[in-house]
Amino acid sequence: MLVPNHGTVRIRAGHRANARARQYDLTGAFNGQHFFARCKRILQRLEKSHDVACVLIVDVDHFKRVNDLHGHISGDTVLQNAVAICQSVLRASDVFRRLGGEEFGILMPSCARTQGIAIGNRIRQAIANTCVQVHEQATLTITASIGLACTDMTGYAPKPLLIEADTALFAAKHAGRNQLIAGTGVGAPKAAPVSA
């Protein structure tokens with residue numbers, strides 16, 4: 001029988017603590033520092049190999065209303081549901097992060113614009129088609145708005161990609177929510193709506 005020594009147990013506990021520190025407790029999505037470090041490394045590699053990537057920002061629509069009407073525990077349930085849906089649609093190579101509140105960021109390496117739009121719309125439709133039981137008397141249907149940016153128009157620097165995806169997300173919200181809008185390049189005045 002092998003018995004681990006105290007040093008081995010301490011190292012394993014340290015690895016688990018580091019993994020937890022990289023993730024939000026509520027959702028299990030990567031936190032900001034870990035997400036941006038991974039994105040930067042991945043995007044540098046993709047640029048060297050002339051490969052593409054897409055960034056999505058997913059925002060749960062009317063989330064404040066869920067918290068106000070049903071309470072924060074129900075809001076947490078809605079977020080956990082949205083995370084589970086995103087993770088079920090995403091590929092193993094994709095990087096998923098909670099940006100804060102009800103917003104999530106996704107980096108999809110080796111993903112062309114049309115493929116990113118298709119994946120984003122699958123996430124959006126799956127969220128809209130799922131009823132979330134928030135407590136015994138309440139089941140909610142929620143929706144999400146999504147902004148997309150792609151390296152083919154925005155380049156490989158993480159910050160401009162996120163700004164472009166955020167601009168597209170704002171356009172999706174402004175256009176009525178529950179839709180995906182793809183950015184048209186840094187500095188462009190409008191994002192292009194994408195029908196599903």
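So, the overall count: this chain has 7 helices and 8 strands. Keep in mind that what you're looking at is a predicted model. Of the 196 residues in the chain, 43% are buried. The chain exposes about 10,500 Å², and 55% of that comes from carbon and sulfur atoms. As for contacts, if you take those between residues at least 6 apart in sequence, 63% of them join residues at least 24 apart.

Right, on to a pair of helices. Please find helix H4, residues 72-89, and helix H5, residues 113-128. At what angle do H4 and H5 pack? About 145°, and their axes are 9 Å apart. The crossing of H4 past H5 is right-handed. On the H4 side, the residues that meet H5 are Ala82, Ile85, Cys86 and Val89. Facing them from H5 you have Ile119, Arg122, Ile123, Ala126 and Ile127. Sort the residues of that contact by type and you get 8 nonpolar, no polar and 1 charged.

Last stop: threonine 151 and tyrosine 156. Threonine 151 lies in helix H6, residues 151-154, while tyrosine 156 is in the loop between H6 and helix H7, which covers 158-174. Threonine 151 has a relative accessible area of 6%, so we call it buried. Tyrosine 156 comes in at 19%, and because the cut-off for buried is under 20%, tyrosine 156 still counts as buried.

What does threonine 151 touch, not counting residues up to four places away in sequence? Leu43, Asp51, Val52, Ala53, Tyr156 and Leu161. With its own neighbours within four places left aside, tyrosine 156 is in contact with Leu43, Leu46, Glu47, His50, Asp51, Val52, Thr151 and Leu161. One more distance while we're here: tyrosine 156 and cysteine 39 are 117 residues apart along the chain, and their C-alpha atoms are separated by 9.6 Å.

Definitions and conventions. Residues are numbered from 1 along each chain as its sequence is written. This is a predicted model: local features need pLDDT of at least 70, side-chain atom pairs count only at pLDDT 80 or more; totals for chains, interfaces and linings use all residues. Side-chain values use heavy atoms; hydrogens and water are left out. Axes are lines fitted to C-alpha atoms, for helices over the stretch in contact, and angles run from 0 to 180 degrees between N-to-C directions. Helices (H or I, at least four residues) and strands (E, at least two) are DSSP runs, numbered from the N terminus. A crossing is left-handed if the near helix is turned anticlockwise from the far one by less than a right angle, and right-handed if clockwise. Contact means heavy atoms within 4.5 Å. Ala, Val, Leu, Ile, Met, Phe, Trp, Tyr, Cys and Pro count as nonpolar, Asp, Glu, Lys and Arg as charged, and the others, Gly among them, as polar. Buried means under 20% relative accessible area, exposed over 50%, partly exposed in between (1.4 Å probe, protein chains only). Accessible areas come from the Shrake-Rupley method with a 1.4 Å probe; for residues, only the protein chains shown count as cover.
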